[in-house]
Amino acid sequence: MVTQVDDGATERGVWPTSSSSAPHIMAKMLDALALRPGMRVLEVGTGTGYNAALLAELTGAENVTTVEVDPSLADHARRALEDAGYPVTVVTGDGMRGYRHNAPYDRIIVTAAVREVPYAWVEQLGAGGLILVPWVASFHPDEPLAALEVRADGTAEGRFGAPAWFMPMRSQRLQQQAIRDTETRWAAAGKPEASRYGVTVTADGQRIWLDSPDNPVM
Ligand SMILES: C[S@@+](CC[C@H](N)C(=O)[O-])C[C@H]1O[C@@H](n2cnc3c(N)ncnc32)[C@H](O)[C@@H]1O
């Protein structure tokens with residue numbers, strides 16, 4: 001359900017910029033995170049705060065930090081979460097930087113789509129930590145979810161899965177032409193299933209690959 005348009009501009013807007021995520025996608029993402037009580041979780045994209053409340057139920061409110069770039073949404077969510085009895089830490093800021101102050105985390109769940117995983121997220125997880133993040137249509141038109149695991153050598157790697165269709169992070173929006181280019185590139189590659197793609201993130205940057213990390217495509 002859309003809860004904000006046009007980044008909160010006061011005129012009548014048309015472009016959704018915040019929403020409460022579809023319940024079946026949220027349920028799948030929470031399941032994929034394999035959360036247990038006591039796990040420390042960072043959510044990027046607080047929105048309404050509803051997902052942060054679910055995270056608090058599963059791991060304990062004291063273990064949940066959530067970052068929202070839009071100050072009015074962050075304030076609203078902070079109050080709603082407090083009123084509902086979930087005193088999670090709501091941070092107003094750019095979630096692309098994570099939130100170093102409460103690291104290390106066991107899990108990072110991102111509820112807005114990216115075309116790049118910032119290394120800050122990897123650094124803020126311990127070895128064995130998981131990042132679950134939806135992708136914008138930069139290599140496959142389905143906007144799939146990526147599940148990355150952090151290794152002891154400080155590299156994060158994982159494959160893409162089901163389509164998620166999240167709105168993009170504010171710094172990660174693509175122009176229509178870039179989306180059309182994605183369709184063209186994907187068709188030229190023979191329209192591979194999203195699950196054949198994977199991503200590796202190191203301190204030097206990220207690589208998207210097809211079938212195996214030694215076959216980078218982006
Ligand atoms: C689909 S909504 C999140 C839904 C939310 N998890 C919930 O339970 O309601 C995506 C949110 O990400 C926020 N967002 C966009 N770019 C961001 C950024 N760079 N850092 C943090 N939040 C961001 C948007 O303002 C929006 O509220």
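## Basis of the description

The structure is a predicted model, in which local features need pLDDT of at least 70 and side-chain atom pairs count only at pLDDT 80 or more, while totals for chains, interfaces and linings use all residues. Residues are numbered from 1 along each chain as its sequence is written.

## The open sheet

Nine strands form an open sheet with mixed pairing, in the order β5-β4-β3-β6-β7-β8-β9-β10-β11. β5 (89–92) and β11 (205–210) stand at the edges with a single partner strand each, so one side of each is left without a neighbour in the sheet. On average, and with direction ignored, neighbouring strands of this sheet are turned by 20 degrees against each other. Here the axes are lines fitted to C-alpha atoms, for helices over the stretch in contact, and angles run from 0 to 180 degrees between N-to-C directions.

Strands (E, at least two residues) and helices (H or I, at least four) are DSSP runs numbered from the N terminus, and two strands are taken to pair if DSSP finds at least two bridges between them.

## β3 and its two partners

Strand β3 (residues 41–44) pairs in the parallel sense with strand β6 (residues 105–110) over four bridges. Within this pairing, Val41 stands opposite Arg107, and Leu42 stands opposite Ile108. β3 also pairs in the parallel sense with β4, again over four bridges, and there Glu43 has Thr66 as its bridge partner. The chain passes from β3 through α2 to β4 in a right-handed β-α-β crossover, a term that applies if, with the strands pointing away from the viewer, the path from the first strand over the helix to the second runs clockwise.

The residues Val41 and Glu43 point one way from β3, whereas Leu42 and Val44 point the other way, and all are buried. A residue counts as buried if 20 or more other C-beta atoms lie within 10 Å of its own, as exposed if 12 or fewer do, and as partly exposed in between, with C-beta atoms placed from the backbone.

β6 pairs in the parallel sense with strand β7 (residues 125–134) over four bridges, and Leu125 in β7 is the bridge partner of Tyr105. In the loop between β5 and β6 lies Pro104, and the peptide bond from Ala103 to Pro104 is cis, with omega near 5 degrees.

Helix α3 (residues 71–83) has 13 residues and reaches 18 Å from its first C-alpha to its last, close to the 18 Å expected at 1.5 Å a residue; the expected span is 1.5 Å times one less than the number of residues. Its buried residues are Leu73, Ala74, His76, Ala77, Arg78 and Leu81. Gly85, with a positive phi near 85 degrees, follows α3.

Helix α5 (residues 176–188) also has 13 residues, and its reach from first to last C-alpha is 19 Å, close to the 18 Å expected. Gly190 follows α5 and has a positive phi, near 90 degrees.

## Surroundings of the ligand

Around the ligand there are 26 residues, of which Ser18, Gly45, Gly47, Asn51 and Gly95 come nearest; a residue is near a molecule or strand if its C-beta atom, placed from the backbone, lies within 6 Å of it. β2 (16–19), α2 (50–59) and β4 (64–68) each supply at least two residues of this shell, and β2 gives the most, with three residues.

The shell divides into ten nonpolar, twelve polar and four charged residues. In this division Ala, Val, Leu, Ile, Met, Phe, Trp, Tyr, Cys and Pro count as nonpolar, Asp, Glu, Lys and Arg as charged, and the others, Gly among them, as polar.

## Positive phi outside glycine

Ala34, found in the loop between α1 (23–32) and β3, has a positive phi of about 45 degrees although it is not a glycine. Ala34 is exposed, with 10 other C-beta atoms within 10 Å. Glu143, in the loop between β7 and β8 (144–150), likewise is not a glycine and has a positive phi of about 55 degrees. Glu143 counts as buried, with 20 C-beta neighbours inside 10 Å.
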